[in-house]
Amino acid sequence: MALTTTEPAEAATEITLDNLLESPQGRNLLTCIQCGVCAGTCPYGDVMDYPPRRIIGMLRAGLIEDVLVSDSLLHCVACYACMAKCPRGLRLTEVLLPLVKEQVFSRLPEIPAELQKALTNTLRYGNPMGESARKRAAWAKTAGVPIRVLSEDPRPVDVLWFVECYTSFHPRGQDNSRATAKILHALGVDFAILGNEEKCAGECARLVGEAGLFETLMDYHMALLHKYKFSRIITSGAHAYDAFKYEYPSLGFDHSVEHTTPFLAGRLDSLRPLLTRKLGYTVTYHDSCCLGRHNGFYEEPRRLLKAIPGVKLVEMPHNRINSVCCGGGGGGMWLDTYFKAKGRERLADRRVKEAVGTGADVLAISCPYEVSRFEDSLKVLGYDKRMVVRDVVELLAEAMEGAP
Amino acid sequence: MNTLVLMKMVPDIVEELEVGPDGKSLDLESLRLIVSERDDHALEQALLLKERRGGSVTTMAIESPDIDEILFTALAKGSDRAVKMVGAEPPLTTSEAAALLARVLPDVPNLMPVDLILTGCQAIDDLDGLLAPILAEQLRIPYLGVVTGVDAETGQGRATVFKEYAGGVRGEYAVSLPAVLGIQAAEKPPRYVPVAKVRSTMKSRTIDTVPAPPRDETSQLEILQMTKPEATGRAEMLEGSPEEVASKVADVLSARGLV
């Protein structure tokens, strides 16, 4: 992607770590009661030198530089657990941690190689896996239903479907996209995709501390979206949903945005008659951090699952607000080797053990990162004969036997 | 220790390569260029040397698509100066590029003499790695290639250069300066520079330009034909249930007399 020298549009009062304590959000941080719930609920809180409680303590004491030169915050998987549990309601994952992490990132003597590759690829190819940007929409030819690409047919459309990276390139992510296309088509939704013009929405770049990369991607998409007329955006990416909902508005983005799971849950009355095939699965649902804790979409995926004939839904002990992160957020998707070198347990392994413990044979998810993370864990732990991972949309499409 | 790093763009093989209409070159329309990986290592090695021994790093390239971004990135990483040679009509063969660079270097204001000239020991469009040795020959200075480490104390007039051989054997050489080194790999992987830093570098720094001297060298090599590899055989995929596949494997093995 071409870098430009244009100044990104910035909010009138841009908050930085330097002026944080002068801002309302920052002053709010001073009300921290140092209870430590954040560290206790953090999935890596036991191994971090500086969990949120200590970061606030160091900030108050003027010792924040010690935090910034430590790589402790690379452990943060941006799972919103600390923020969701904070009794003072401090916006830790939204405000404090990204600001600190950006400084930590810029001071790292070396960026872990796997992460560096993902970031370099995202800048150059618009996706972290380094696949050709010209093949981003290649999966659409395998969808089995017509998919309009706006660059080829720019007529106004009701629903602009922002597919995202893993759902465009990863073989199992493409299963999600094919299922989504099939469902949208069956529901008669007027939809189109950006095709090869689409790039990563960039949320993980921001939350790993690479704010400049995120701004570059935002600038790119703001210019791109101006080209087309559409009523709303839906996205398969839980992280893209967060980016569009919380960050793109700072550049004037004012479209309605929905993740595909709640979007389909809102159309369950039309969808239900299409779910004709009895599946016979015991399913446990993993609440993704972005959809669940950050946005409160706990019941929408469960309503969809319960609507599928022959699906028995069982819950893991940690569900809804207590869900355990798959480890993919905040750049964790590309830090597995870093965590491994540090001797950390892979969070996806921790989660999969819990899922298997429910006796379910399907682990249902609705964030595209989780497919490969959980499937890898099932294989590593030897559970791949006992459990499969399926996106909610894949299960819906499977139940639509006979539907076009 | 003043170091000059030469960087260039090469075809990005993540994208499909197409043969152009002349049947002798790559189709420029479908081509996307990326910085040559070993040149990136040459830059990293120069920056490591500067951090260790002081001095300056100048990064230079012949004008080509997207090269400004590469030069600004080099500045953001710690290069002190970026120079672009403009006006050389493409395409340039490796020997033509080396001749142009050799002739233009004395004309770059406040550049020469430098102690070291580093560039990639090879590029995907220069598998013989000819750029560095031809340049060294033209400048009448020593050349060492396939280098994996460099050290040099200021004022000693010589550098210590490391090369890796098969079987874990490491070679250590002393070379008098100035010299041209073809870098295979820097001592550490090329560093990452945050995008925001590149963006601010684009606003605060400039790239010096120097006009290309007239070309009087014609390449001794002519490309006769360029074609895509032709498949001579294909893998046969065995499909079916595990039992069916096992039975097919057994059939294949017995049909070929292997069991």
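The following dialogue explains how to read some features of this predicted model.

Q: How are residues and chains labelled, and which residues count in this predicted model?
A: Residues are numbered from 1 along each chain as its sequence is written, while chains are lettered from A and ligands numbered from 1 in the order in which they are written. In this predicted model, local features need pLDDT of at least 70 and side-chain atom pairs count only at pLDDT 80 or more, whereas totals for chains, interfaces and linings use all residues.

Q: How many residues of chain A are in contact with chain B?
A: Two residues are in contact if their C-beta atoms, placed from the backbone, lie within 7 Å. Here 19 residues of chain A are in contact with twelve residues of chain B.

Q: Which helices of chain A supply at least two residues each to the side that touches chain B?
A: Helices (H or I, at least four residues) and strands (E, at least two) are DSSP runs, numbered from the N terminus. The helices in question are α6 (92–107), α7 (113–125) and α11 (211–225) of chain A. With five residues, α7(A) gives the most.

Q: How do α11(A) and α5(B) cross?
A: Two packed helices are described by the angle between their axes and the distance between the axes. Axes are lines fitted to C-alpha atoms, for helices over the stretch in contact, and angles run from 0 to 180 degrees between N-to-C directions. The axes of α11(A) and α5 (residues 195–204) of chain B come within 6 Å and cross at roughly 70°. Therefore α11(A) is roughly perpendicular to α5(B), a term for angles of 65 to 115 degrees. The contact involves Ala211(A), Gly212(A), Leu213(A) and Thr216(A) of α11(A), together with Val195(B), Ala196(B) and Arg199(B) of α5(B).

Q: In what order do the strands of the open sheet in chain A lie?
A: Strands of a sheet pair through backbone hydrogen bonds, either parallel or antiparallel. Two strands pair if DSSP finds at least two bridges between them. The open sheet of five strands in chain A has the order β1-β3-β2-β4-β5, with parallel pairing. Its edge strands, β1 (148–149) and β5 (256–259) of chain A, each pair on one side only. Four bridges join β4 (residues 230–235) of chain A to β5(A) in the parallel sense, and Arg232(A) has Ser256(A) in β5(A) as its bridge partner.

Q: Which strands does β5(B) pair with?
A: In chain B, β4 (residues 56–62) and β5 (residues 81–86) pair in the parallel sense over five bridges, with Ile62(B) opposite Met85(B). Strand β5(B) also runs parallel to β11 (residues 208–211) of chain B, joined by four bridges; there, Lys84(B) has Thr209(B) as its bridge partner.

Technical notes. Parallel < 35°, antiparallel > 145°, perpendicular 65-115°, else oblique.
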